[in-house]
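Please keep the sequence and the model in view while working through the points.

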Amino acid sequence: MPPVSNKAKQRLMAEARKYVKLVARYLKTAAPKIKIAAFPQNAIASWPWIKGAYDSTTNTIYIAKMYPFRDVREFKAIIKHEIAEWLSYLVTGKIMHRVVYGHSDSLFRRIYSAVHRYYPKSPEKLAQYVEKISMQEHD
Ligand SMILES: [Zn+2]
């Protein structure tokens, strides 16, 4: 299978931007920017590859420029993953460094599966879910 073309990446990122805007509007917060970025780590070593990252200080989702995404499905998966990182940060307000410590915290797992359920069709349902678990977290 050919790697994901730039055109396909742009299309998928446009879809993601539209989606996070709707989720953010519902949650009355700012939508993250979504950008392609070069990760210096990927230039010096091919493992572990960094596919993407969410930076809470700039509210930006970065997708790795040099990562050889196998197909559209893999590219979409990293977008969904980083949307889950964004929403987890919104709920906790904490930077979790999951890239180092792993993704097994239950809050991330729950949000991650909700993103899989509701992306890209139901931004409102995802926002409602995040609102609900946010209230549980802050009880
Ligand atoms: Zn992650």
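This is a predicted model: local features need pLDDT of at least 70, side-chain atom pairs count only at pLDDT 80 or more; totals for chains, interfaces and linings use all residues.

1. A definition comes first: Ala, Val, Leu, Ile, Met, Phe, Trp, Tyr, Cys and Pro count as nonpolar, Asp, Glu, Lys and Arg as charged, and the others, Gly among them, as polar. By this scheme, the lining of the largest pocket divides into 15 nonpolar, 7 polar and 7 charged residues.

2. The largest pocket holds about 700 Å³ of space. Its lining comprises 29 residues, and G52, A53, E82, E85 and V99 lie nearest the centre. Two or more lining residues come from each of β2 (52-55), α3 and α4 (98-101). Helix α3 gives the most to this lining, with 7 residues.

3. H81 and E85 are 4 residues apart in helix α3, so about one helical turn separates them. Because its relative accessibility is 16%, H81 counts as buried. E85 also counts as buried, because its relative accessibility is 12%.

4. The largest nonpolar core has 40 residues, and I79, I83, L87 and L126 have the most contacts inside it. Elements supplying at least two residues each include β3 (60-64) and α3 (72-92). Helix α1 gives the most to this core, with 9 residues.

5. Beyond its neighbours within four places in sequence, I79 is in contact with L12, M13, A16, I63 and Y119.

Conventions. Residues are numbered from 1 along each chain as its sequence is written. Side-chain values use heavy atoms; hydrogens and water are left out. A nonpolar core is a set of buried Ala, Val, Leu, Ile, Met, Phe, Trp, Tyr and Cys residues joined through side-chain atoms within 4.5 Å. Buried means under 20% relative accessible area, exposed over 50%, partly exposed in between (1.4 Å probe, protein chains only). Contact means heavy atoms within 4.5 Å. On a 1 Å grid over the protein atoms alone, a cavity is a set of points where a 1.4 Å probe fits but cannot get out, and a pocket is an open set with protein on both sides within 12 Å along at least five of seven lines; lining residues have an atom within 4 Å of a point. Grid points are joined across faces, edges and corners, and a volume is the space filled by probe spheres set on the points.
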